[in-house]
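Let's take a tour of a protein fold, one piece at a time.

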Amino acid sequence: VVIRGRNVTLGTATAGLEFLEQVGPIDALIVAVGGGGLASGIATAAKLKQPACKVYGVEPSGAAGMQASFIAGAPQKLDKVETVADSLAPPLTLPYSFGICRKLLDGLVTVEDEDLRNSMGMIFRELKLAVEPACAAVLAAMIGPLKEVVAGKRIGLFFCGSNIDLETFYRYASPHSH
C-alpha cells in the first residue's frame with residue numbers, strides 16, 4: 001500500500017533529526033506548514049529526540065489549509081489560495097501529514113503576506129540571505145503571533161526555502177514595494 005506523503009515525512013524527519021543533533025536541547029521549534037510534509041517530519045523528529053520540545057507550525061493566512069483541516073477534524077481542500085508564499089499554498093492537505101501534524105504540533109499560527117515580506121527583508125539585512133516568502137514564515141511567526149509564547153526560551157527556526165530570483169526578491173522584500 002502506498003501512503004501519499006509518507007516518504008516526504010520520513011525524509012524531512014531526517015532533516016529535523018540533524019537539526020536537533022546540531023543545536024542541542026531547545027524549548028521550541030517553529031516550522032512552516034504547506035501541505036504538512038515538512039512539518040510532520042520535523043515534529044516527528046522533535047518529539048522522538050526531545051519530547052519536551054514544543055513544535056509550532058506557521059501558515060500564510062491566505063493559504064491556511066492545515067488550520068482549516070484542524071478545525072474540520074479532517075483533511076480539507078481549499079477553494080482559494082492567495083499568498084506570496086506559493087510553496088506554502090497547496091490546494092489540499094493529505095491525510096497522512098494531517099494526522100501527524102494534528103497529533104504532534106503544539107500550535108498552529110498564521111501570518112500575513114506583509115509579515116512575510118518584512119521578515120524576508122530582515123533575514124537579508126541580518127543574515128545576508130535572500131530567501132523566498134515561505135522561508136521567512138518562521139521568523140514572521142516568531143516575531144508576530146508566537147512572540148509571547150517563545151519569549152525567553154531557547155528556540156529553533158527551521159528555515160526552508162531559498163528558491164527565489166533577484167527580481168522577485170526585490171519586489172517582495174524592498175521597503176518601497178509594499
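This is a predicted model: local features need pLDDT of at least 70, side-chain atom pairs count only at pLDDT 80 or more; totals for chains, interfaces and linings use all residues.

Start with the strands. There are 4 of them, forming an open sheet in the order S3-S2-S1-S4, and the pairing is parallel. At the edges sit strand S3 (107-111) and strand S4 (155-158), each of which pairs on one side only. Neighbouring strands in this sheet are turned against each other by 25° on average, direction ignored.

Now zoom in on strand S1, which covers residues 28-32 and pairs with S4 in the parallel sense over 4 bridges. Lying across S1 and S4 you'll find helix H1 (residues 6-23), which runs at about 140° to S4.

In soluble globular proteins, nonpolar side chains tend to be buried together. Here, the largest nonpolar core has 28 residues, and the members that touch the most others are Ile30, Val58, Leu116, Ala141 and Leu146. Which elements give two or more residues to this core? They are S1, strand S2 (54-60), S3, H5, H6 and helix H8 (166-173). H6 provides the largest share, with 8 residues. There is also a second, separate core of 21 residues, and its members include Phe19, Leu29, Ala43 and Cys53.

Leaving aside neighbours within four places in sequence, its contacts include Tyr56, Val58, Val138, Ala141 and Met142. Leu146, Ile155, Gly156, Leu157 and Phe158 are also among the residues in contact with isoleucine 30.

## Helix H6, wrapped up

How many of the 11 residues of H6 are buried? The count is 9, so this helix is largely enclosed by the rest of the structure. The buried ones are Pro133, Ala134, Cys135, Ala136, Ala137, Val138, Leu139, Ala140 and Ala141.

## Two helices crossing

Next, find helix H2 (residues 37-49) and helix H4 (residues 95-104), whose axes come within 9 Å and cross at roughly 45°. An angle like that makes H2 oblique to H4. As for handedness, the crossing of H2 and H4 is left-handed. On the H2 side, the contact is made by Gly37, Ala39, Ser40, Ala43, Thr44 and Lys47. H4 brings Ser97, Ile100, Cys101 and Leu104 to the contact.

## Leucine 20, tucked in

Back in helix H1, look for leucine 20. Is leucine 20 buried or exposed? Its relative accessibility is 2%, so it counts as buried. Not counting residues up to four places away in sequence, leucine 20 touches Ile26, Ala45, Ala46, Lys49 and Gln50. Take lysine 49: leucine 20 and lysine 49 are 29 residues apart in sequence, yet 7.6 Å apart in space, C-alpha to C-alpha.

## Lysine 128, out in a loop

Last stop: the loop between helix H5 (113-127) and helix H6 (133-143), where lysine 128 is found. Most residues other than glycine have a negative phi. Lysine 128, though, has a positive phi, near 60°.

Where does that leave its side of the picture? The relative accessible area of lysine 128 is 60%, which is over the 50% cut-off, so this residue counts as exposed.

Notes:
Residues are numbered from 1 along each chain as its sequence is written. Side-chain values use heavy atoms; hydrogens and water are left out. Two strands pair if DSSP finds at least two bridges between them. Axes are lines fitted to C-alpha atoms, for helices over the stretch in contact, and angles run from 0 to 180 degrees between N-to-C directions. Contact means heavy atoms within 4.5 Å. Buried means under 20% relative accessible area, exposed over 50%, partly exposed in between (1.4 Å probe, protein chains only). A nonpolar core is a set of buried Ala, Val, Leu, Ile, Met, Phe, Trp, Tyr and Cys residues joined through side-chain atoms within 4.5 Å. Angles under 35 degrees count as roughly parallel, over 145 as roughly antiparallel, 65 to 115 as roughly perpendicular and the rest as oblique. A crossing is left-handed if the near helix is turned anticlockwise from the far one by less than a right angle, and right-handed if clockwise.
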